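Hi everyone, thanks for coming along. Let me put the model up on the screen, and then we can walk through a few places in it together.

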Amino acid sequence: MDPKLKKTKDSSSNSANSPDSTHSSFLFPDEVLERVLSLLHSHKDRSSVSLVCKDWYNAERWTRTKLFIGNCYSVSPEIVARRFPRIKSVTLKGKPRFSDFNLVPQYWGADVHSWLVMFAKVYPFLEELRLKRMTLSDESLKFLATSFPGFKALSLLSCDGFSTDGLKAIATHCKNLTELDIQENGIDDFGGGWLSCFSENCSSLEVLNFASLSSDVSFDALEKLVRRCKSLRILKVNKSISLDQLQQLLVQAPQLIELGTGSFQQELTPRQYEDLETAFSNCKNLQTLSGLWEATSLHLPVLYAACASLTFLNLSYATLRSDELAKLVAHSPNLRRLWVLDTVEDKGLETVGSSCPLLEELRVYPADPFELDLHHGVTEAGFLAVSHGCRKLHYVLYFCRQMTNAAVATIVQNCPDFTHFRLCIMNPGEPDYLTNEPMDEAFGAVVKTCTNLQRLAVSGLLTDLTFEYIGRYAKNLETLSVAFAGSSDRGMQCVLQGCPKLRKLEIRDSPFGNAALLSGVEKYETMRSLWMSACNVTMSACRLLAKDMPRLNVEVMRDEGSDDRQADKVYVYRSVAGPRRDAPPFVLTL
C-alpha cells in the first residue's frame with residue numbers, strides 16, 4: 001500500500017475515533033477500501049464515492065488512474081494536478097457540440113497545450129490521451145510524443161489545428177504505441193509518409209484508424225506494420241486502399257475484430273475476387289465493419305462469409321440501395337448496431353425489421369441533406385417497420401423529411417426502452433404531414449412511454465406543449481437538443497423546472513428569450529452546459545445571469561454586424577477555475 005495513502009488513512013482513522021467524528025460507519029480496513037475502489041471503473045461512480053467522507057475522498061484521490069473531463073474549461077490543469085497525483089489516462093472534451101455544425105467561431109479556444117505542459121510535470125507516466133473537439137498543433141503532438149516515455153494510446157475525435165507532420169512525431173517517438181485513432185478531424189493532410197515513421201521494431205499496435213485521412217499512404221509501410229503487429233484488433237484504413245491491397249492486409253491480420261475498408265470501386269479478376277472472399281471468410285472474429293466507400297452489388301458478396309459474426313455494421317459512407325442492404329443484413333443475424341444512409345429508403349429498412357431481431361441501435365443519415373426531392377430518402381414507414389421487428393431498439397438517430405404523430409406513438413409503444421431518441425425532421429417547422437398538426441403529441445408519446453430516456457433531440461413544428469410534456473415526464477433526461485422549435489419562453493421554463501437530471505441543454509434558432517434563460521438560475525450549477533444561439537436573448541439578461549451566479553462562466557459570442565444589445569451565441573457552464581484566460585476578443589466573458 002502507498003505510504004501516502006496509509007498516512008492519510010491512519011490520520012483519518014484517528015480523527016474518526018474522536019468524539020467529533022460523524023463518519024465512523026464508513027471506515028474499512030485499508031485493504032478492503034482499496035479493493036472496493038479497484039472495482040469501480042465509471043468516472044461517475046468514483047466521483048460519487050469521493051463524496052462519502054474524507055477517508056473515501058482521499059483514498060479515491062490516490063487510487064484514481066483514469067480521468068474524464070467533459071469540459072476543458074470546467075477546471076484548470078493546476079486544479080486537476082493538485083487533486084489527482086497518479087493519473088495515467090485522460091479523456092478531455094473541448095468545444096460545444098454545435099461546433100460540429102460550424103456554429104462555434106474559428107479560434108474559439110480549447111487548446112490542449114497548457115494541459116500537456118502540466119501533465120508533463122505531474123504525470124510523466126501518462127499512457128493514454130483521448131481528445132474530442134480540442135485544438136492541438138503539430139508542436140503539441142511533438143511535445144506529447146517526447147515528454148511521456150511510456151505513452152501508449154492517442155485518440156483524436158473532431159479535433160483541429162494539426163497536420164500529418166504531427167502524426168509523424170507520434171509514430172517516430174512513441175515506441176510503445178498500442179493505439180492511434182484519428183477520426184473526423186480537421187487535419188492538414190500532407191501525404192501518407194507518416195506511416196513510414198514507425199520503427200521497424202514497432203509491433204505493439206492494437207488499434208490503427210486513419211479512415212478520415214484523404215491522401216494516399218505508403219502501402220508497403222502499412223503492410224509491414226500490420227504484419228509485425230500480431231495483436232492488432234482494430235484496423236480502419238482510408239479510401240486510398242484498394243480491394244486487392246485490402247486482401248493482402250486481411251491475410252496478415254485475420255484476428256481483427258473491427259475493420260474499416262478502403263474503396264470498393266475496383267475491377268477484380270476472378271482470382272482476385274476469390275482471394276478477397278477467402279480473406280474475409282478467414283476473419284472469424286470480425287464484429288465491426290465500416291468504410292465500404294463506393295460499394296456496389298458487384299463486390300458486396302465477398303463480405304457475406306464475414307457477416308455472421310458482425311454486431312456493428314457502419315454503412316454511413318456507403319450509398320447502398322435497398323436491395324444491396326437487404327442482402328447484407330440477411331447474412332448478419334447478430335447485428336446490434338446499424339448505421340446507414342437514407343439511400344436505402346423505406347424498403348431497405350423493412351428488411352432490417354425482418355432480419356435483425358437483436359438490433360439495439362439504428363442511425364439513418366442523409367446522403368444529401370439539401371436535396372429537396374421527397375421521393376427519395378426515408379419516411380415514417382421505414383421507422384415503423386424497424387420498430388415492429390426490432391423490439392430491443394433503444395438508441396435511434398433518424399433523419400427524415402416527413403413524420404406523423406401516430407407513427408411515433410406506435411414506434412415507442414413497440415420499443416418502450418429507448419434511452420436515446422433523436423428524430424431529425426430536416427425541413428424546419430415541418431408539421432405532421434397527414435394532419436398538418438404540430439408534432440407535440442409525437443414527442444409527448446416519447447417522454448411518457450420511454451421512462452428511461454436520457455437523450456432527446458426534437459424537431460418539426462412544435463409548440464410549448466412539447467416542452468410541457470418533457471418537463472412533466474422526462475425525469476431521467478440528461479441531454480436535450482432543440483432546433484427551430486417552440487412558441488414562447490414558457491416551454492423552456494417547463495424543461496428547466498421539471499427535468500431533475502438535465503445536464504446538457506442545446507438550443508438553436510428558436511424563439512426562447514430572456515425569461516427562458518433566467519428561469520434556469522437555480523439549475524445551471526447542476527448542469528454541465530447550456531448553449532443558445534440565434535434565440536431572443538439580450539446582453540442585459542446575460543449580465544444579470546452572470547451577476548446572480550458568479551460560479552458560472554457566461555460567455556457571449558457576437559456575430560459581426562449584429563445589434564449591440566443582442567447576445568447572438570450564449571454558452572453557460574459551471575467552472576471551478578473561474579473565467580478562462582485564453583478567450584479571444586470575440587468572446588465576452590461576463
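First a term: a residue is called buried under 20% relative accessible area, exposed over 50% and partly exposed in between, with a 1.4 Å probe and protein chains only. Helices (H or I, at least four residues) and strands (E, at least two) are DSSP runs, numbered from the N terminus. As for the source, this is a predicted model, where local features need pLDDT of at least 70, side-chain atom pairs count only at pLDDT 80 or more, and totals for chains, interfaces and linings use all residues. Residues are numbered from 1 along each chain as its sequence is written, and side-chain values use heavy atoms, with hydrogens and water left out.

Let's start at strand 21, residues 552–557, where 6 of the 6 residues are buried. In a regular strand the side chains alternate between the two faces of the sheet. Here Leu552, Val554 and Val556 point one way, while Asn553, Glu555 and Met557 point the other way, and all are buried.

Which strands pair with strand 21? Pairing here needs at least two bridges found by DSSP between the two strands. One partner is strand 22, residues 569–574, which runs antiparallel to strand 21 over 6 bridges; there, Asn553 is bridged to Tyr573. Strand 23, residues 587–589, is also antiparallel to strand 21, joined by 3 bridges, and Val556 has Leu588 as its bridge partner in that strand.

Staying with strand 22, have a look at Val572, which lies in it. Is Val572 buried or exposed? Val572 is buried, because its relative accessible area is 1%. Beyond its neighbours within four places in sequence, Val572 is in contact (heavy atoms within 4.5 Å) with residues including Leu552, Asn553 and Val554, and also Tyr524 and Leu545.

Now over to helix 16, residues 405–414. Its buried residues are Asn405, Ala407, Val408, Ile411, Val412 and Asn414. An α-helix has 3.6 residues a turn, so residues three or four places apart point the same way. The cover over the buried residues of helix 16 includes helix 15 (380–389), strand 16 (420–425) and helix 17 (440–449).

Strand 16 is where we find Leu423, which counts as buried because its relative accessibility is 1%. Among the contacts of Leu423, leaving aside neighbours within four places in sequence, are Val408, Phe443 and Ala457. From Leu423 to Val412 is 11 residues in sequence and 12 Å in space, C-alpha to C-alpha.

Strand 18, residues 479–483, has 4 of its 5 residues buried, so it is largely enclosed by the rest of the structure.

Finally, an annotation from a record. An unreviewed UniProt entry gives "domain: Transport inhibitor response" for residues 85–131; positions are in the numbering used here, feature names are shortened, and annotations may be inferred rather than shown by experiment. Over residues 85–131 the chain is 21% helix and 19% strand, and the end C-alpha atoms are 20 Å apart.

That's my tour, so over to you for questions.
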